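Hi there,

Here is the model I promised to pass on. Have a look at it first, and then read on for my notes.

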Amino acid sequence: MLIGILGFSACKEEVSEITKLDVERAFSPTALQALVVNKTGVRLNFTPVYNADNYTIEIFENANLDFSGTPVKSIPGILATQLPYTISDLDGATDYSVRVKAIGEGLSDSKYVGTKFKTDPEQIFSAVDPATLTATSVVLKWPAGQKASAITLVPGNITRPVTTAEVAAGSANVIGLTGETKYTATLLNGTKTRGTITFTTLIDLGGAIAVYPADNLQALIANATGGETFALFPGTYNINADITISKSISIKGVRPTSKPIISGMVFRLKANVGLSLKDLVLDGTGNASQNQTIVYEDDATTAYGDFIMENCEIKNYVKGLYYVSKKALINSTIFRGNLIHDIECNGGDFIDYRAGLSKTFLFENNTVYNSVAARDLFRMDAGGSTNFPAEISTITIRTNTFNNVINSASNRYLYIRLAKHSIAFTKNIIANSSGYYTNQASTTITTLSGNNYFNAPNFMASAQANAQNDTGTFTTLNPGFTNAATGNFTISNADLKLNGIGDPRWR
């Protein structure tokens with residue numbers, strides 16, 4: 001026992017004499033992390049070591065981690081107090097490797113530790129100035145002096161070189177485009193993306209009739225012979241009346257970024273006409289009849305032409321949006337990319353077919369909010385099938401955002417009683433609604449999937465008798481609207497963005 005105690009004491013005394021670790025080389029830093037920031041910067045962080053005075057960072061333009069060649073950036077003398085350390089002004093969409101070594105006084109430098117990262121594509125394009133946009137050209141701008149070699153555009157697979165003078169000016173006039181086309185332009189430096197932007201060219205007025213706010217739009221419509229396109233320049237067109245459309249025409253705004261306002265006009269369609277409305281603001285304020293926006297005026301012995309409403313803002317109509325009370329067979333009805341709000345539906349339903357039907361009905365990429373106070377959203381009565389028994393109506397409602405639409409537990413989104421129809425209701429956001437789908441046995445929801453219900457419980461568990469509820473694949477996520485009160489429904493929920501739910505403009 002005595003021998004053991006003496007041995008243990010000797011060990012304790014020997015350990016206590018080691019007060020520092022003498023080495024000839026600085027220790028390598030550990031836990032090196034590289035986080036891309038602001039698209040073309042990198043935020044570096046690592047765990048400092050006790051025997052280092054400072055650190056050297058080297059960045060190479062490759063992701064091989066062999067660190068061959070010459071670094072594109074070499075930064076000596078980095079102190080531990082400067083961590084995390086951010087390096088800016090790298091190239092966009094580029095693979096890099098980075099390594100760090102420690103330097104200590106009187107010691108050999110440590111071995112390097114490394115990792116890799118890839119910067120994001122840059123966005124140095126400025127917003128397109130509407131004043132420089134025409135039907136066949138656009139001026140694209142970026143900071144003067146920033147390097148670029150080419151601009152590509154789709155559709156059309158256009159590649160246009162960028163000149164030295166254009167680089168110096170940070171501006172290029174792109175010509176030879178097609179009117180009324182949505183383009184995506186990409187600014188390249190070699191193979192690297194420096195900016196991406198979308199824009200829509202103006203209407204090609206080659207065959208269109210230019211209309212200005214001082215012109216008599218009502219008279220122009222009345223005197224139409226059929227086939228005209230009226231191209232409206234920005235401003236307000238005060239109509240304040242129900243206007244009969246007896247010839248197939250198109251009415252379009254010239255500048256999608258500055259839509260003309262047609263105030264107080266109700267469109268009354270007759271004589272089998274078709275109608276296209278695009279890039280307009282339709283404001284029902286001031287209309288004495290307080291009717292729906294679109295009203296089919298008479299019975300038709302043959303089918304009405306196509307109805308298309310695209311990229312419009314529609315607001316302040318009292319009775320509803322679309323009314324077909326006559327014996328009217330419509331070839332196709334399309335609502336696409338519209339912003340629709342404050343449609344009260346006092347005296348009518350939002351979409352309201354009583355005695356007619358559309359062979360195909362498409363409602364996609366729209367945002368509807370603060371509407372349908374006391375009626376149903378989509379109504380299609382059996383009278384359409386009675387009048388047109390051979391027709392099957394194909395109804396598609398997809399990728400829309402509905403907020404504060406129907407706030408009564410007894411009102412329906414799909415009050416559809418056509419004898420022959422199919423409904424696909426997919427990838428829509430329904431938020432802040434007390435409504436439910438339907439209680440009609442004749443309503444045939446063929447596809448119901450991918451929808452998101454936020455504060456809208458009755459679409460999954462309505463207590464109404466015979467209610468059809470969503471029992472399939474859906475979510476109940478909070479979209480995180482930026483500011484619903486001001487009509488900004490940009491969503492912050494990553495899952496909804498990833499899965500393409502709701503109106504695409506807000507993702």
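In which loop does threonine 201 lie? Threonine 201 sits in the loop between β13 (192-200) and β14 (209-211); helices (H or I, at least four residues) and strands (E, at least two) are DSSP runs, numbered from the N terminus.

Before I go on, some housekeeping. This is a predicted model, in which local features need pLDDT of at least 70 and side-chain atom pairs count only at pLDDT 80 or more, while totals for chains, interfaces and linings use all residues. Residues are numbered from 1 along each chain as its sequence is written, and side-chain values use heavy atoms, with hydrogens and water left out.

**Threonine 201 and its surroundings**

Threonine 201 is buried, with a relative accessible area of 1%. Here buried means under 20% relative accessible area, exposed over 50%, and partly exposed in between (1.4 Å probe, protein chains only). Its side chain makes two reaches worth looking at on screen: one to the backbone oxygen of threonine 178 at 2.6 Å, and one that puts a polar side-chain atom 2.9 Å from the backbone nitrogen of threonine 181. A polar contact is a pair of N or O atoms within 3.5 Å; within protein, one must be able to donate a hydrogen and the other to accept it, and residues adjacent in sequence count only if both atoms are side-chain atoms. Leaving aside neighbours within four places in sequence, threonine 201 has contacts (heavy atoms within 4.5 Å) that include Leu133, Ala135, Leu177, Glu180 and Tyr183.

**Glutamate 180**

Glutamate 180 belongs to the loop between β11 (171-174) and β12 (182-189), and its phi is near 55 degrees, a positive value in a residue other than glycine. Most residues other than glycine have a negative phi, and most peptide bonds are trans. Glutamate 180 is partly exposed, at 25% relative accessibility. It also forms a salt bridge with lysine 278, with the closest N and O atoms 3.2 Å apart; a salt bridge is a side-chain nitrogen of Lys or Arg within 4 Å of a carboxyl oxygen of Asp or Glu. The pair links distant parts of the chain, since lysine 278 is in strand β19 (residues 275-278), 98 residues apart from glutamate 180. Lysine 278 is buried, with a relative accessible area of 13%.

**Other salt bridges**

The structure holds 21 salt bridges. Arginine 412 and aspartate 376 meet in one of them (3.1 Å, N to O). Arginine 412 lies in the loop between β32 (401-405) and β33 (414-416) and aspartate 376 in the loop between β29 (367-371) and β30 (378-380), so the pair ties together parts that are 36 residues apart in sequence. Both partners count as buried, arginine 412 at 13% relative accessibility and aspartate 376 at 4%. Arginine 505 pairs with aspartate 503, the closest N and O atoms being 2.6 Å apart; here arginine 505 is partly exposed at 36%, whereas aspartate 503 is buried at 2%. You will also find a network of salt bridges linking Asp349, Asp352, Arg354, Arg375, Arg379, Asp381 and Arg417.

**Backbone points to check**

Two peptide bonds to proline are cis: leucine 83 to proline 84, with omega near -10 degrees, and valine 154 to proline 155, with omega about 5 degrees. Proline 84 is in the loop between β4 (73-78) and β5 (85-87), and proline 155 is in the loop between β9 (150-154) and β10 (158-161). Alanine 31, in strand β1 (residues 30-37), has a positive phi near 55 degrees and is exposed, with a relative accessible area of 53%.

**The chain as a whole**

The chain has 6 helices and 38 strands. Its radius of gyration, taken over C-alpha atoms, is 33 Å, well over the 23 Å that the globule rule (2.2 Å times the number of residues to the power 0.38) gives for 507 residues, so the chain is more spread out than a compact globule. The C-alpha atoms fill a box of roughly 115 × 75 × 40 Å along the principal axes. Buried residues make up 47% of the 507 residues.
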